[in-house]
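Here are a few friendly notes to read alongside the coordinates. Please keep the viewer open as you go through them.

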Amino acid sequence: MLDRFFFVGVGLLSAALVLPANAPAQNSSGQTWPGPVPNRPPVAEKDKKPAPRRTITGMWWSRLGNQAKGVQLRPNDGSPENELPYTPYGLEQYKAHKPLEGFDAVPPAQANDPRVACEPLGFPRYNHYDLGVQIFQDENKIAMLYHYDNRWRIIWTDGRPLPKLLDGGVEIDGQFHEQRWFGYSVGRWIDDYTLEVQTVGTMPEDRVWLDNTGRPISDQARITETFKRLDADTLEWSETLEDPKIYTRPWQTMKIPMTLQDSRIDVLTRYCSPVETDQYNKIYGDSASGK
Amino acid sequence: MRNRLVIVLSVVGLLSTVPLQAHHTGATLLSETTVTLKGVVKNWLWSNPHCLLTLEVTGADGQVVQWVIEAQAPNSIFTEGYRKNSFKPGDVVTVTANPVTNGRPYGRFAGVVLADGTTIGNVGGGGRGGGRGRGAPAQ
């Protein structure tokens, strides 16, 4: 396990050091430690440059904020068009969740969102919370460094097969492998500007949620993401969820235009510290929420 | 206790603001109104996930009520002018805040007038104000 972790870590570091990130069309203004500019104005049509081939390297930020009201394409607002196709078991799971956001939000003292306890969000919830990533890639893999809680993920692009999904894990070369917070991801280029990524082997429904509003997701989920380079400055990131344990049919969760940022940007850290969270709740959170 | 709070709240007008998102307290918790609280600083906690100001406010009846006002994380509010040493115990400051809806003396910063007269955010109510970070998302 340690060896495997070391190998991946070295690979990630190498990619970060060797592969230059794409520079945006405009650099930040004279700042020596520039920060992200989520609302950077779109590049004018006349200034748009074609996307480079077969790369999604760069620092990408969303203009959409944190999808607090639920996944981008189906916000949890109580409207009929945003109702999800729950299975009976899926609906039961949803009702057991007590979220801080969305149509069925509860006061904080009653909430049971794992995020509040600083648990890892799991995949794909990292795609639905304060989305900002740094992406590096080499000839075998893509490393995605998520802003929130400084988490990272690997997508293999060397042609290896997607593991076979089992109950409680996956099968790889005839061996059982445990489920993981980010699952097991493989990607392939559909064309020079479109990468399709599939993921299985994620955590079970009693450990992770799909979004801030308590929508459930199970370890039987198959997540398909599409990364499409629209131009040099824009990466369209789509996600479709297939989870027969929770939902009766596949449905699309997001289609977000990510904006390329200055590669010199120093991202603010967003660690979730249990000690700090506990202190906050003792001084403010518990009393303020009626505990 | 509730009477004392009513007195404190009655000092100020109820002014419309933008609904908030918060870390653990949740969007359902905070009032859309604001209160203005002039008081003496007891403590200023400069920490993640949110900075917290403990303020002793004396009501019209002479009773002292201890308020706790939260702001966003240091990284977010630094750019608005808040600093680790913005508040010292004993400072007299005036805070504009969105109170929580359960009537307890807790709330979220909209703005503040510091002891030296420096103003940060929106004081006196109205609009989005200090302490919420630079368009910061919920944490």
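1. In this predicted model, β10(A) and β11(A) make a hairpin, with 2 residues between them. Strands here are DSSP runs of E with at least two residues, and helices are runs of H or I with at least four, both numbered from the N terminus. β10 spans residues 222-231 of chain A, and its antiparallel pairing with β11(A) runs over 9 bridges; two strands count as paired if DSSP finds at least two bridges between them. Within this pair, Arg229(A) has Leu235(A) as its bridge partner.

2. β11 (residues 234-242 of chain A) is largely enclosed by the rest of the structure, because 7 of its 9 residues are buried. Buried means under 20% relative accessible area, exposed over 50%, and partly exposed in between (1.4 Å probe, protein chains only). β11(A) also pairs with β12 (residues 251-260), antiparallel over 8 bridges, and there Leu241(A) sits opposite Trp251(A).

3. These strands belong to a barrel that 9 strands of chain A close in the order β1-β2-β3-β4-β8-β9-β10-β11-β12, with mixed pairing.

4. For a look at α2 (residues 88-96 of chain A), start with Gly90(A), Gln93(A) and Tyr94(A), which are buried. They lie on the same side of α2(A), because their arc around the axis is only 100 degrees, taken from the directions from the helix axis to the C-beta atoms. Pro88(A) and Lys95(A), on the other side, are exposed.

5. Residues are numbered from 1 along each chain as its sequence is written, and chains are lettered from A in the order in which they are written. Local features need pLDDT of at least 70, side-chain atom pairs count only at pLDDT 80 or more, and totals for chains, interfaces and linings use all residues, while side-chain values use heavy atoms, leaving out hydrogens and water.
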